[in-house]
Amino acid sequence: MLYGRNEEQRRLLALLDAAEAGRGGALFLVAGPGAGKSALLELAVELAGDAWQVLRCTGIQSEAELPFAGLQLLLSPVLGGLGALPERQRITLLAAFGVSPAYLADNRFLVGVGTTSLLTQLSSVGPVLCLIDDAQWLDRPSADALVFAARRLGAHRVAVLFAGRPEFAAPGVPELRLPPLDTAAARRLLAEHARELPGEIRECVLATAAGNPLALLELPKMNIDTLPVGPLPLPERLQCGYQGRIADQTADVRLALLVAAAEETGDLALVLRVLAGLGATADALSAAERSGMISVVGPSIAFAHPLQRAAAYRSAPFPQRLTVHAALAAALADQPDRRAWHLAAAATGPDETAAAALEAAAHRAYHRTGYATAAMALERAALLSTDRTARLRRLVRAVEAAADAGQPDRALRLADETERSTSPGPDERARLADVRARIEFERGSVRVAHRLLVDAAADIATAQPDRAAAMLIGAAAAAWFAGDLAEVAAARVRMAELNLGRQRAALLAVLDGPLAVHSADRRAGVRLIRSTVRSGRTLPDNGPSPQLTLAQLAMVVGDADDARDILAELTARCRDRGMVGWLPAVCGTLGTAEVLLGHFHEADAALTEGLRIAQEVDQPNRICQANAMLAVLAAIRGEEQRCHELAERCLRKQSTDFNAVDLAQAEWALGLLDLAYGRYEAAVDRLENLYDSPYRALGQWVHLMGDRVEAAVRLRRPDRARVPLLILEQWSAATHSPWIEACLLRCRGMLDSDGDAYARALVMHAAEQRWFDHARTGLLYGEWLRRERCKTEARSVLRGSLRTFERLDARPWADRARTELRAAGEAVAEPRSDLAALLTPQEFEVVRLAATGATNKEIGSKLLLSPKTVAHHLYRAFPKLGVTNRHGLAGVDLDTTAVPDP
């Protein structure tokens, strides 16, 4: 399978179609080593099919001086057809192939004519495809004969494809220059052939390959050194492709190329300074530029392709590379971070000077949110350390930085190395266990995470009670998400035994609240959780974990607005700080809060972003979280197949060790879908079974109870609505939340046929800006009014619900509202499209930011996208919105609050 070569495939098809119709022709595929020329030749064979006769030859560098070696290789399978050629052409070709006296082959014109005649004669039987690979290494007589023939095939069923580098000359033959693969195609190719490649290595490979297909395939197989100052090692095929050109240069020019390749920023002044220190002059750099491998523009040097930089670097002898790095380090005394990396690259063994410099650079990188760089620097510093204590310190910090950077495999590898080689003490073991638990949790092993944290907390309970308490809170969270309240309670018992000082009551309250809301004293639990959330929001910033916990606690008691505010701020902070490892959890939880609030477009954007990053950093738990809530959105939108697919992805992972909350959300999505499409018995059965399952202590039960009541009433089984109604009454009394009371009133309206309850619910929904709930209540109220023969009032209420459902793209609900409106005597227009619903979640986020005046660079920084990707999303979004540029966005209504018209 080829990636990103649609235009090239189109050109090949056009050539083959024309030749098959008797309009022969040729094409020269031009590109450097590894660009995919040979793959395109194979594609041509595949496109041609069995009806074509295929002739092949490949230029061989060692045979480039042998006249007609390439032509003989191409035509040897069909030499039996020479007898049908005119005698002079036949004899001349035989002479070219060494069968007749050699002097007869001196007439190059006749060799070309004979080649043309033989190919056209073959085409009378069936179409002929000639493939000439590595054309730059063809002997010149063969090249001349084949180019001669290629220009004279216009009335025959022959197609000739040359593939070679730019130095091959084929005058008169149309050229197709192969560009590098674009970023999307390169990522797909790499994902298909190197699925297990760690994220940081993947990005390094993508940068070095710069769209070269062979490099994308071969680099992942190499022993990759990711130091930022040295290019990756090249596969032999690519190295050979470039090394001849480099070897032809003088020693001074090769040195200039090496210094330019080792100096990672393209700083012309620095390169000249280092060259002078090594005894070379600016003339060497000028000669290097004349070679075509580098260009000098203003104060900068750039290689024509990153692979040429790698070839220039790797072609140099190892001792010379060390010398150059040492010279660069000496010249960078005023730039300590860059100096540290060159010192490390120049080291051949333990070197405390280089290790200390790297550790200091890592500290600066960490505080600039460069967690991946910090992890890399600390790992290298540990390797260069001469002292065991310093090595241990650096390795543990490297583990933590790698986890924050979203590099779980690297973090676990470093943790294993630390435990194997440094004999860590209790403090270091606890820190390593904390990271391991976080990774295990995100990979879906919540009980493993729970056990790691409980054991680590016990290890440091006496020496570091505050840290032990934090770990027990994490252990309780893991138990909660596993649906195991008994282990939550056990963590609370262990925490009570710690010497916690002034923070004792506040820390215990973090667990007391969730336990109490699932006990007889639900009101006390709600009070504790709300107090914890209020006090926690005023605490200093201690990283994402405490704030994420606060948001999750707020959602336990239905305070989704508070959760959304906390999470929106936390998302921005994680983006600004580059904490990629935390973003899937934060975005996924933010998306959940937005769903509960009825902000479906915002939810889609947050969940899609979280899913994308979770897939990149290998966090199955967060992939499942995003898929479960996206399934809920699909249910609301009536996307039946998508809802089932997303939910099943989660439910397939059902086990005692996976996140029970996500499984519950997936089941809720399927029940909500049944409700939306009028499958009321299936909806009641599913939602009842879910609440009676081991997950009963978890999930968004206010919404679930409301859905159970509606499904039961529509099924005409009010007896099955009594239990969920009682639960709603208990939650409403415990929380005093207006939105929960509004949901309760809607349910009472259904059960008691109480129009006043519906009307009061509508007022409360509006006051809380819960517009999806408002529209659902309006739909039920409108149905009731129509049955009560209050058709005018019914139409007014149903119109508002329809507009909201259309705005939110809640298609099944909108269809039901239209049906009710028609039954109430109103002619209803066709569904109208919401502009925001036309966009993908990523396009929606990009457009919304662009509408505020943010630049592509600013948007990319916020959403962790490249400016080029931002521009691509805008390019795709503009036609959907009916605008031609970003200035037109000012007139586009992207409001997603769905406030009904008065």
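How many nonpolar, polar and charged residues does the lining of the second largest cavity have? The points below take up this question and then turn to other parts of the model, which is predicted.

1. By class, 4 nonpolar, 4 polar and 4 charged residues make up the lining of the second largest cavity. The volume of this cavity is about 100 Å³.

2. The residues that line the second largest cavity are Ala-403, Gly-406, Gln-407, Pro-408, Arg-438, Ile-439, Glu-442, Arg-443, Gly-581, Val-617, Asp-618 and Gln-619. Helix H21, which spans residues 426-442, provides the largest share of this lining, with 3 residues.

3. In total, the structure contains 4 cavities of 30 Å³ or more. The largest cavity has a volume of about 150 Å³. Its lining comprises 19 residues, and those closest to the cavity centre are Val-595, His-703, Phe-772, Asp-773 and Arg-776.

4. Several helices contribute to the largest cavity. Those giving two or more residues to its lining are H29 (583-597), H31 (620-637), H33 (660-676), H35 (701-714), H37 (738-752) and H39 (771-787). The largest share comes from H39, which supplies 4 residues. By class, the lining of the largest cavity has 11 nonpolar, 3 polar and 5 charged residues.

5. Helix H35, one of the elements that line the largest cavity, also packs against helix H36 (residues 722-735). The angle between H35 and H36 is about 145°, and their axes are 8 Å apart. The crossing of these two helices is left-handed.

6. On the H35 side, the contact with H36 involves Val-702, Met-705, Gly-706, Arg-708 and Val-709. These residues meet Val-723, Pro-724, Leu-725, Ile-727, Leu-728 and Trp-731 in H36. By class, the contact of H35 with H36 has 9 nonpolar, 1 polar and 1 charged residues.

7. A further point concerns Phe-878, which lies in helix H44 (residues 867-881). Is Phe-878 buried or exposed? Phe-878 counts as buried because its relative accessibility is 13%, and the cut-off for a buried residue is under 20%.

8. Which residues are in contact with Phe-878, leaving aside its neighbours within four places in sequence? They are Val-883, Thr-884, Asn-885, Arg-886 and Leu-889. Phe-878 and Leu-839 are 39 residues apart in sequence, and their C-alpha atoms are 9.7 Å apart in space.

Note on methods: Residues are numbered from 1 along each chain as its sequence is written. This is a predicted model: local features need pLDDT of at least 70, side-chain atom pairs count only at pLDDT 80 or more; totals for chains, interfaces and linings use all residues. Side-chain values use heavy atoms; hydrogens and water are left out. On a 1 Å grid over the protein atoms alone, a cavity is a set of points where a 1.4 Å probe fits but cannot get out, and a pocket is an open set with protein on both sides within 12 Å along at least five of seven lines; lining residues have an atom within 4 Å of a point. Grid points are joined across faces, edges and corners, and a volume is the space filled by probe spheres set on the points. Ala, Val, Leu, Ile, Met, Phe, Trp, Tyr, Cys and Pro count as nonpolar, Asp, Glu, Lys and Arg as charged, and the others, Gly among them, as polar. Axes are lines fitted to C-alpha atoms, for helices over the stretch in contact, and angles run from 0 to 180 degrees between N-to-C directions. A crossing is left-handed if the near helix is turned anticlockwise from the far one by less than a right angle, and right-handed if clockwise. Contact means heavy atoms within 4.5 Å. Buried means under 20% relative accessible area, exposed over 50%, partly exposed in between (1.4 Å probe, protein chains only).
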